[in-house]
Every structure is written in C-alpha cells, then in structure tokens.
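Hi everyone, thanks for coming. Let me bring up the model on the screen, and then we can walk through it together.

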Amino acid sequence: MILLKNCFYLVKSADDPGSFGVDVLIRGNRVEAIGSNLALPADAEGRVIDASRHVVIPGLVNTHHHFYQTLTRNLPAVQNAKLFTWLVYLYEIWKYLDEDAIYWSTALATAELLKTGCTLTTDHHYLYPGGVGADIMALQFKAAGDTGIRFSPTRGSMSLSKKDGGLPPDTVVQSEDDILVDSERVIREFHDSDPFAMRKIALAPCSPFSVSEQSMKDTAALARKYEVLLHTHLAETKDENKFCERTLGRRPLKVMEDCDFVGPDVWFAHGIHFTDDELSVLKETGCQIAHCPTSNMRLGSGICRVKEMKEMGINVALAVDGSASNDSSDMLGEIRNALFLQRVAHGADALTARDVFRMATENGARLLNFGKAGIIEEGGPADIALFDVHKLEYAGSLSDPLGALIFSGYNHGTDYTIVNGKLVVEKGRLTGIDEEELSRRANAAASRLYEKAGIV
C-alpha cells in the first residue's frame, strides 16, 4: 500500500477545482480512498509519502511516439529540414537498427516519459529491418516492463520502399502478407482488453503513402476482427497532401475514407492540414487526433486546428512524437507548448491551462481506450504523478498550483511517479532501471548507428 499524505494540491481531473491537504490511499493497483486524516491499516505493510510540497495529478497520457528516434536526436544535417527531407536522410541511419538499439531506445523513451509525469504511452514502431531476427514487440514490452510504464504500442508497418516510389530503403519494409500475419500474432500474444491492462495493441500502417490501399483495408478489417484500435500519420504537411493528390488522386483523408480507415476506433497523428469539410468528416465519423505541437514547430509543419476541433467535439489528445523531431520525451513540457502554440494562431484565450491538461490526461486515456485512466478516483487505476512546486522556479506562481506546472518552472521532472500502484520514479530517480547504465547503453547504441551509416 501507498499513502500520499497531506497533498499540497490534488487535482483529480480537468473538471476538479482541486483540493488542498487531502490524502490518497493506494491498495494494490487501485486508488482505495481519497479524504482527510487517512492512515495505513494497522495490519498492512505500506509506504507513507509526505506530499505536502506536491501538486498531485493523474498520470499523463502520450498518444504518439517513435521510441527508436531517441537515438538520432539533434543530428546537424537535418536540424533545419522539412519532413520529407528529414525522413529520407534518417532512414539511411534507421535501417541499421538492431535488437540492442530497439531495447535501449524503448527504455530511454519510456524513462523520460515517466520522469516527466507520463504513466501511459503508445509507440509507433513501423521499421522492421531485415537483419533483426528478434521479436521487436517482445523487446519493447520487456523494456517498458523494466521501466514500469503502462504501454499500448502499435504494430506499425511499411510495404512501399524506394523501388515502389516510397521514401524508405528496401531493407526496412515488409511484404503485406507478412505484415498481416505478424499483426495478428502480436494481438493474440500481447493484447489485454482489461480496463486495468498494462498491455494493449493497436495496428498502425505508417502513412497513406507507406503501404498500399489494399493493405490499409486489410489492416482495418483485421483490427476490427479483434476489436483493437487503428492509427496512422495523416495531414501532417502540405507536401504530404500534394504527394497523395499526385500519386493517389485524392487528399489523405479521402484515401482513409475509401479504405474504411475512419471511425471512433481510429486516431490520426498530427492532423494539421484539414479543410473545414474534412473537420466535419472527423466529427461525423468519430476519428480522434494526437496533437504533436513540439514536433510540428520543430519541422515547421504548421499549427493543428485544435481550437476548432475542440469546439466541434472532436477528441484531441496530446503527444510528444518521435524524439528525432522533438527532440525529447518531455510530457509536461508538451502541455506547455500545446497551450502556447494555439495562442499564436488564435489569441491569448484560445485554450486554457485546464483545456490542455484535459488533452494530456482524460482525452488521451479515452483515445487509447484505457477506461478510467487519466483521472484520480476511488476504485480507479493508481497512475499518479507528484511534482514538488515548493522550489525556486515556482515561487510566486502558487495562486494556481495546477497552472504553475504548465506556465512556470524549468525542470519538468516529477518527484514521484506511480504506475499501477507501484513507485517507478522515487525522489526524481527511476526505480526499475539504472539511469547511468541506461544513458551509457543508449549512447553506445546511437554511436553504432552513426558509425554504420558513415556519419561519424
């Protein structure tokens, strides 16, 4: 058991005005009680954490990422490149991914997420280099289990390489038959439909121009057979829209409609360049959006129409995106950027701090189909982040303690992160994996990639 004692400020949900001085009792993987003067049962072993310095919030939810990209951050050759140029360059490095790189990049990405308040994440791994004989999904679940995060990865895919008019090298794509066979395998082996699951699976062709339309249709049919979610990139750049119009004869969303790749079980990453009519299609079909503000700014892709989507009732969640286009996995920082980027486009009242907090919690849990994650309530999952706000960088900001996390501060690390009732970050340090070894092994894996690609 864990008792969070005398929380400075507890925010149970985006609608909760917040409470000062309350306690939270965790038994097993659930929140058992929220109230005043709680105590551990006399006959129970447990841990009491003094939360009198902390803003206590539901664990944050990350809805789009590419973990392997943590190994290719900040490369000088593409620091100023647009998406397609950036992709073509990086594919020539990513094609050398091996088992070691996949494990350590997954551990690194999930570690950063946990240390910045995220307790539930997905990943979009769509690269399957021919030289990797190991089970990539199993490697990722092993790494996520070691760090302790709740994990819902997608089984990504690409079948169209340079020889087919696509962008990636021939060595990282798969046949569409192989994609379907393995997609079904990973669902059967790893997917857990329980609302408190630590593992779920979604299916995610990389983009409309990375697989054939038939593969999109087949993937959608397979996902619905097993009642798992569907995901892909869509409308990220103007160049993507033009590419689809030139090669497929329609805009990206129309391609998705024709492939039956729309519906409340579908979420799209980015969704920047939608027309008014296309926003109406999203609303009518129930499609959801993973908004990636930092990546969109980094690549100069544009500003997602989040304010309009919100007003239309389209579910918009938050995501850090891949760490080669962010170049971090700072989930709390992503909330701040989401807030400010909409204000650039729509003015100072475009979104409130509570709006973006909802995107990063409840909206994300709803998008990933994780029941009551994203809120703190009795009987709900014990996924909680504690931030110490009685520090220099928050001085003067505590008239609104939740707003302080978003508007103020420069160190976005938690003091404690709890996932499924277990402390996975304690006093700012990971409990499940050695941070120094993780950093060393990730740097070594990155260096091997660079050496193989001939860029060092």
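Predicted model: local features only at pLDDT ≥ 70, side-chain atom pairs only at ≥ 80, totals over all residues.

Residues are numbered from 1 along each chain as its sequence is written, and side-chain values use heavy atoms, with hydrogens and water left out.

Let's start with helix α2, residues 99–115. Helices here are DSSP runs of H or I with at least four residues, strands are E runs of at least two, and both are numbered from the N terminus. α2 packs on helix α15, residues 435–453, at about 135 degrees, with the axes 9 Å apart. Axes are lines fitted to C-alpha atoms, for helices over the stretch in contact, and angles run from 0 to 180 degrees between N-to-C directions. So α2 and α15 are oblique to each other; under 35 degrees would count as roughly parallel, over 145 as roughly antiparallel, and 65 to 115 as roughly perpendicular, with the rest oblique. Contact means heavy atoms within 4.5 Å, and among the residues making it are Trp-104 and Leu-108 of α2 and Leu-438 and Arg-441 of α15. By class, that contact has 8 nonpolar, no polar and 6 charged residues. Nonpolar covers Ala, Val, Leu, Ile, Met, Phe, Trp, Tyr, Cys and Pro; charged is Asp, Glu, Lys and Arg; the others, Gly among them, are polar.

α2 also packs on helix α3, residues 136–147, at about 35 degrees, with axes 8 Å apart. Ile-102, Tyr-103 and Leu-114 are among the α2 residues there, and α3 brings residues including Leu-139 and Ala-143.

Finally, the backbone. Most residues other than glycine have a negative phi, and most peptide bonds are trans. His-270, in strand β14 (residues 266–270), has a positive phi near 85 degrees. Asn-326 and Asp-327 are joined by a cis peptide bond, with omega about 10 degrees. Asp-327 sits in the loop between β16 (316–318) and α11 (331–346).
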